[in-house]
Amino acid sequence: MKQLRFSGQLSWSDALEQEWTFHLSKGSIMYATGGIHSMRRWRRNLAVHCPRLPTHRLGWQADLASAGASTSSIGWEYTLLNLWVAKQRITPEQATNVVLSTLVEVLFDVKQAASESKQIKHEQLSSTQVGLAQVEDVIAKTQWRWQAWQDAKLTAYSPNQAPIIKQPEQLREHCSAQFYQMLVQRLNGQHTLYDLAVQMQRDVMEVTASLLPFIQVGWVELITIADLSALIYPRRLSQAKPAAAPKALIACVDDSALVRNTMETLLTSAGYQFLGVDNALRAISILLARKPDLIFLDLVMPEANGYEVCEQLRKLSCFRNTPIVILTGNDGYSNRLRANFVKASGFLSKPLNAEAVLSEIRKHLEQGATNLTAPAR
């Protein structure tokens, strides 16, 4: 990679279908994305380098929705860094530190995966508020970390794995009560070694090495865990293949302005028309006037819940076959059962996932379960 002096993307993939992409400009690195934990990596590095920045993902999503024309083809993380620097919410130095930490983590993962497949794509990259990282510096920092990882005999383990206690009785017998309680609180299978290192303000190699004796005797196990939900990024989605019915009108009935705005950005970028409704009591009259082709319906609203609205809509002949997808933060069996009872067409969990939203729309529109053949509005 150190010989490359071009602008564009350099991608790696491995046998497990993991993929990482480095974005370069004239031989310097702008950013890197990919791997199994892009959201965890993002949250970690913000906590370390931008501690005063709000950590709530809803705020990030709102900022991303406000980015407009300033969105970057590199991805949502890079877009937010540039936006925050422009608004002076973080300093250029903080943004550069986030980028550098991210680059080292990604390149470390690439090295540990021993990935072999590479792909190069030339492209014209937009200007940036964030400083560029030198390839040689990133490689040197990564090589130092990899050497330390090898010296500690940790090459069989990934810092993206999460420790969990498997034999608590044996562990309790060989630890002080205070140390054991600390382990119980932290080693719950919910946080990766990287995450724990940030929480404990220690180097990830030191944290992993301290757990190695317990791992080797089987008292503690390292497991693979899922990433946190990513943000909806309209720029990336707008470059996807157009949907089956690009002129379809999609409605979202939700009392949250953030959800409606996010959904509007996503759907209009994907080529759909959008109708937002913020009040459950007025929803039916508004939907009757516009007759959308698909309806996203929030489950919990102040005036009436989504089940009640869905049940009333199904009693109207014009909505008998219209896809109605329930949105909720509580993805339980009882909720799904009741959604089926009121003849909802689908069920999506919050926080919303962009790919899941578009997949749900395509599924219903391609099945022909729309009222596109109804008289013109």
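Guide: What follows is a conversation about a predicted model, in which each term is set against its cut-off.

Visitor: How many helices and strands does the protein chain have, and what share of its residues counts as buried?

Guide: The protein chain has 15 helices and 11 strands, and 48% of its 377 residues count as buried. The chain exposes about 18500 Å², of which carbon and sulfur atoms supply 50%.

Visitor: Why is Cys175 called buried?

Guide: The word buried is used for a relative accessible area under 20%. Cys175 has a relative accessibility of 14%, and therefore it counts as buried. The same cut-off applies to Cys310, whose relative accessible area is 0%, so Cys310 is buried as well.

Visitor: What makes a group of residues a nonpolar core, and which residues have the most contacts inside the largest one?

Guide: The residues must be buried, belong to a set of nonpolar kinds, and be joined through side-chain atoms within 4.5 Å. The largest such core has 37 residues, and those with the most contacts inside it are Phe22, Trp42, Leu80, Leu81 and Trp84. Two or more residues of this core come from each of the strands β1, β2 and β3 and from each of the helices α1, α2, α3, α4 and α5. Apart from this core lies another, of 24 residues, including Phe108, Trp146, Leu154 and Tyr180. In soluble globular proteins, nonpolar side chains tend to be buried together.

Visitor: Which residues are in contact with Trp42, leaving aside its neighbours within four places in sequence?

Guide: With those neighbours set aside, Trp42 is in contact with Tyr31, Trp60, Trp76, Glu77, Leu80, Leu81 and Trp84, where contact asks for heavy atoms within 4.5 Å.

Visitor: How do you know that β2 pairs with the strands β1 and β3?

Guide: Two strands pair if there are at least two bridges between them. Six bridges join β1 to β2, and six bridges join β2 to β3, so both counts meet the requirement of at least two. In each case the strands run antiparallel. Trp12 stands opposite Trp20 in β2, while His23 stands opposite Tyr31 in β3. The hairpin of β2 and β3 has two residues between the strands, and there Lys26 takes a positive phi near 55 degrees. Strand β2 is mostly covered, with six of its seven residues buried.

Visitor: Why is Asn45 called buried, and what makes its link to Thr102 a polar contact?

Guide: Asn45, found in helix α1, has a relative accessible area of 5%, which is under 20%, so Asn45 is buried. A polar contact needs N or O atoms within 3.5 Å, and the one that joins the side chains of Asn45 and Thr102 is 3.4 Å. Not counting residues up to four places away in sequence, Asn45 touches Cys50, Val98, Ser101, Thr102 and Glu105.

Note on methods:
Residues numbered from 1 in each chain as written. Predicted model: local features only at pLDDT ≥ 70, side-chain atom pairs only at ≥ 80, totals over all residues. Heavy atoms only, no water. Buried < 20%, exposed > 50% of the residue type's maximum accessible area, 1.4 Å probe, protein only. Helix = DSSP H or I, 4+ residues; strand = E, 2+ residues; numbered from the N terminus. Areas by Shrake-Rupley, 256 points an atom, 1.4 Å probe, with all protein chains shown as cover. Polar contact = N/O pair within 3.5 Å; in protein donor to acceptor, adjacent residues only side chain to side chain.
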